Each structure stands twice: as structure tokens, then as C-alpha cells.
Amino acid sequence: MTAFLFWCKVLPLKKYQKKWVKKMSYFGTDGIRGKFGELPITPEFALKLGFATGKVLKQLNPKAKPIVVLGKDTRLSGYILEAALQAGLNAAGVYVHLLGPLPTPAIAHLTRALHANLGIVISASHNPYFDNGIKFFSGLGKKLPDAVQNAINLELEQEMRIDDTANLGKSVRVKDANGRYIEFCKSTFPYHFDLSHLKIVVDCANGAAYSVGPSVFRELGAKVIALGAEPNGLNINQNCGSTHPEYLQKMVVEHSADLGIAFDGDADRVMMVDRHGNLVDGDHILYILATQAAHKPAGIVGTVMSNMALELALAKAQVPFIRANVGDRYVLQNLEEQGWVIGGEPSGHILTLDKSTTGDAIIAALQVLKVIVEQNKGLDELTQDFKLLPNVLVNVRLQQMFDPFAVPALVAKFDQAEAQLKGRGRLLIRKSGTEPMIRVMVEGDNLQEVTDLANHLADAVRQHVIA
């Protein structure tokens, strides 16, 4: 493990990064993702990926067989990718601990708890069932460093060659994986508190938390009504979970529940619902943890997508706030640089680094429940003074991408809009990272004003394209 961690931090920066400039990288911002059956999400590629990953680990552990922890969500394709990855890793001489369907943050935790060299998650998070993905955690339970990804990419270029069948790895199933993770989650909730006075509706998105999610809250005393807890391999995220909270909102009211909790397919995102059926998103959760808890955090990291209402509320509460780029890896990076522990995104990626190494939906929900118990207030009471500013997003689709900030006439219009909103709102113009599109977002304290501004600026972008 020590050699592995040293190599992650030091060696590859010199050995691999320069070599990789002309090579193809299969890794995106959060592992490898795509439609199952199309490269790179195929059984053949997964086999090669497992072997390449194993070879890299073996190079770091020449005298021992490395250990990889492997988990997945509930997609049918996950079972095929699991078998292929397992075979590739074993062929390279790696021991594999199979966890079965578990939340992504559970794999991060168990990678550390089982002293494994690497954790692998098979999941496409909030995507539909026909997509899937493969992402990695280091032995510390954190995102895999770019240098390690580069090394795996280089190894993928090599031929699969078995050196000696006596050196093959083995696979074992971790039978108590669910229980280990449930106990870990419960340990982040104060032992002298319980949830016996709460009725909670929990929507598991027919995903990875379908079993452990309801169990955590039940074992802490809550009366739990479980939704989206009957996965069939095809219904993950289908009109349920954090990306489709409408049914949860309805069920909370119908069951006269105190609140609702919704996860996404791999349970690293969380949305909540108050007793009146109102949605409580990631910005609300950060507001609660920053201003309503017994102890204020040193600071909060949001993203460029965080509503300005959060920034204003934290300034009023004298809690420092900074914005990171979109993506939980960038939130994590900024938290570590600042030495802070709480950050997240409006989508519900919430990091509490004093509790977990990565975004964990169950643990984030527990931290909100802790505030509910210690303040003896309802979720609606904790957020009654926090109102999101009106936000309008207009997507301008293009035939070919261009940089709007390279056009002086457009920059002048952007500057004029920012001056108009100064102190009352903000403007965000950004290029899509996945398709030829310019996203124009305007926030402010007047819905009509931000709507007019967003449409005006979007029209200006379109006119430039036509011109």
C-alpha cells in the first residue's frame, strides 16, 4: 500500500504524463462512461481494462498480490462488466473482493477498510439503465489521480499476455459488505440521538442503495417508507430518485411524513423533501449545514452553478464561500486546498470530509437529520429563511463550437448585463463540455428581468453565429 501511494503521488508525474500526450485516453472527468455494448463499455474492453489495471498494480507490488475491491449498482449490464473486469484482474495476478450492489461511496469506504490497493465501481450514476461506467478509487478511498489513469491507459496499449498460471489471482465475495457499510454510516450520526420521532419516505431510485439506504434510517429508529427499492436491472433512475423527485414529493404529503430523502442510482447524490412536499436541493443542504448546525464550518465550497442566494446567505452568516468548477472532484480539490470539510453542488453531490472521503448521499442526509434533531425543528423550518433566486438557463445549440468571450461585441453585452445585476444577481456563460452548445444562465431577484436578460443574451449569441 505504501509503495502504491508513493507511486500515485510522485513517480507517474515524471514517467507517464509526458508519454501520454499522443495517446488516447478512455477516462473522462469521472472514470469511463458510455452506452453498454459500444466502446469503451463492452465486455471485451472491460476484460482488457481489468488486465491493464492489474498489471499496473503488480508492477508496484512485485512481491505480493494486490487487492482490488469491486462493486456495482443494479443495472443488468453491471453483472457482465463485473465478470469481465474480475477475469482481467485475476489474469493479471490480482485478488478481487466482490461487494455486489452497493453505493459508490460504500466502495470508497470499503477500499480503505479492507486495506485494498484500489476500488472499482461499475455504475453510470444518474444515467438510464442502458448506460454504464467504470470508475476507480485509490487506496485512500479518493478519486484516482490522473497520473495513475495515464499508466493504465499506457498498459491498455500492450498485448494481454499471461506470464505464469501459478501467479493468477483469486476472487472472494465479501458477505458482510452491506453490514459493514450500514454500521459506518450510522457511526457518523451522534450515538445519543435517534430518529424514533420521524417518519421518512426514502426513494432509492431502484439503484445501489435499495437495501442499505432504508436499513440505515430504520436502525436509527425512524419509521421508513421505502420507494424505488425493487430493482429489476432496467428501472434504475426511471421516474424516481433524485433526478425525478416528483413522486417522492407526492408520497411525503400523502403519507403525512416528516420528510423525504431521494438518492440517485449509485447514491452519491441526495435530494430531500420537506413535509409540505417542497424540494430541498444541494444548495439548501449546504445552507442548513453551514448556518443551522450547532457549529459553523470554517467555510463552504460550492460550484459556479450554486445559486447566488447561497452565497448571499453565507455572507450574512459570516461563513466563507468559494466556487469551484462543476464536478465533485473540483469541489474536493478546493476543499483540500482550503482545509475545509463541507462542499457540494445543487444536484445533490454533498461532501462532508470529516465523515467520508467522497460524496455520500446517505451520510449527507444523516448530517441534515442531525441538525433536525439537535434544533428540534422540521426540515421546512430549517429552510424557511432561504429562498433561491430566480434562475433562467437558455441553451444555444450551434453547428460548430466557438468561444463567445473571443467576440468583443458579445463580451460588451455580457459586461452590461453583469453591471445591471450587480449585487442582485449574476451571469454565467459557458461552453458545453459534451456538445456544441453555449449555455446562458442568468440569476437575479426579479424573474421577469432575468428571463428577459437570458433571452436577450442568447439571441445575441445566435445573431453572432448567423452573422
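Biologist: Why are helix 5 and helix 7 called roughly perpendicular to each other?

Modeller: In this predicted model, the axes of helix 5 (residues 104–113) and helix 7 cross at roughly 95° and come within 10 Å. Angles of 65 to 115 degrees count as roughly perpendicular, and helix 5 and helix 7 are therefore described in that way. Pro105, Ala106, His109 and Leu110 of helix 5 make the contact with Ala177, Arg180, Tyr181 and Phe184 of helix 7. By class, this contact has 6 nonpolar, 1 polar and 1 charged residues.

Biologist: What makes helix 7 and helix 8 oblique to each other?

Modeller: Helix 7 (residues 177–187) packs against helix 8 at an angle of about 50°, and their axes are 10 Å apart. Angles under 35 degrees count as roughly parallel, and the roughly perpendicular range is 65 to 115. The pair helix 7 and helix 8 is therefore oblique. In handedness, the crossing of helix 7 past helix 8 is right-handed. Helix 7 contributes Asn178, Tyr181, Ile182, Glu183, Cys185 and Lys186 to the contact, and helix 8 contributes Val212, Ser215, Val216 and Glu219. The classes in this contact are 5 nonpolar, 2 polar and 3 charged residues.

Biologist: Why is one side of strand 8 and of strand 11 left without a neighbour in the sheet?

Modeller: The open sheet has 5 strands in the order 8-7-9-10-11, and its pairing is mixed. Strand 8 (223–227) and strand 11 (279–280) stand at the edges with a single partner strand each, so one side of each has no neighbour in the sheet. Helix 8 (residues 212–219) packs on this sheet, touching strand 7 (199–203), strand 8 and strand 9, and its direction makes about 170° with that of strand 8. Helix 9 (residues 246–254) also packs on the sheet, touching strand 7, strand 8, strand 9, strand 10 and strand 11. The direction of helix 9 makes about 160° with that of strand 9.

Biologist: How do you know that strand 9 and strand 10 pair?

Modeller: Two strands pair if at least two bridges are found between them. Strand 9 (residues 259–263) and strand 10 (residues 270–274) have 5 bridges, in the antiparallel sense. Within strand 10, Met272 is the bridge partner of Ile261.

Biologist: What makes His97 count as buried?

Modeller: The cut-off for buried is under 20% relative accessible area. His97 has 17% relative accessibility, and therefore counts as buried. His97 is placed in strand 3 (residues 95–101). Leaving aside neighbours within four places in sequence, the contacts of His97 are Ile67, Val68, Val69, Leu70, Leu114, Val172 and Val174.

Biologist: Why is Leu389 called buried?

Modeller: Leu389 has a relative accessible area of 16%, and the cut-off is under 20%. Leu389 lies in the loop between helix 14 and strand 16. Beyond its neighbours within four places in sequence, Leu389 is in contact with Asn307, Met308, Ala309, Leu312, Arg424, Gly444 and Asp445. From Leu389 to Glu449, the separation is 60 residues in sequence and 12 Å in space, C-alpha to C-alpha.

Biologist: Is Ala205 buried or exposed, and is Asn376 buried or exposed?

Modeller: Ala205 has 0% relative accessibility and counts as buried. Asn376 has a relative accessible area of 67%; exposed means over 50%, so Asn376 is exposed. Ala205 lies in the loop between strand 7 and helix 8, and its phi is near 60°, a positive value in a residue other than glycine. Asn376 lies in the loop between helix 13 (361–375) and helix 14 (379–382). The phi of Asn376 is also positive, about 55°, although Asn376 is not a glycine.

Biologist: How do you know that the side chains of strand 16 alternate?

Modeller: In strand 16 (residues 391–397), Val392, Val394 and Val396 point to one face and are buried. Strand 16 pairs with strand 18 (residues 437–443) in the antiparallel sense over 7 bridges, and Val392 stands opposite Val442 of strand 18.

Biologist: What makes helix 6 mostly covered?

Modeller: Of the 11 residues of helix 6 (residues 146–156), 10 are buried. Among them are Ala147, Val148, Gln149 and Glu155.

Terms used: Residues are numbered from 1 along each chain as its sequence is written. This is a predicted model: local features need pLDDT of at least 70, side-chain atom pairs count only at pLDDT 80 or more; totals for chains, interfaces and linings use all residues. Side-chain values use heavy atoms; hydrogens and water are left out. Helices (H or I, at least four residues) and strands (E, at least two) are DSSP runs, numbered from the N terminus. Contact means heavy atoms within 4.5 Å. Axes are lines fitted to C-alpha atoms, for helices over the stretch in contact, and angles run from 0 to 180 degrees between N-to-C directions. Buried means under 20% relative accessible area, exposed over 50%, partly exposed in between (1.4 Å probe, protein chains only). Angles under 35 degrees count as roughly parallel, over 145 as roughly antiparallel, 65 to 115 as roughly perpendicular and the rest as oblique. A crossing is left-handed if the near helix is turned anticlockwise from the far one by less than a right angle, and right-handed if clockwise. Ala, Val, Leu, Ile, Met, Phe, Trp, Tyr, Cys and Pro count as nonpolar, Asp, Glu, Lys and Arg as charged, and the others, Gly among them, as polar.
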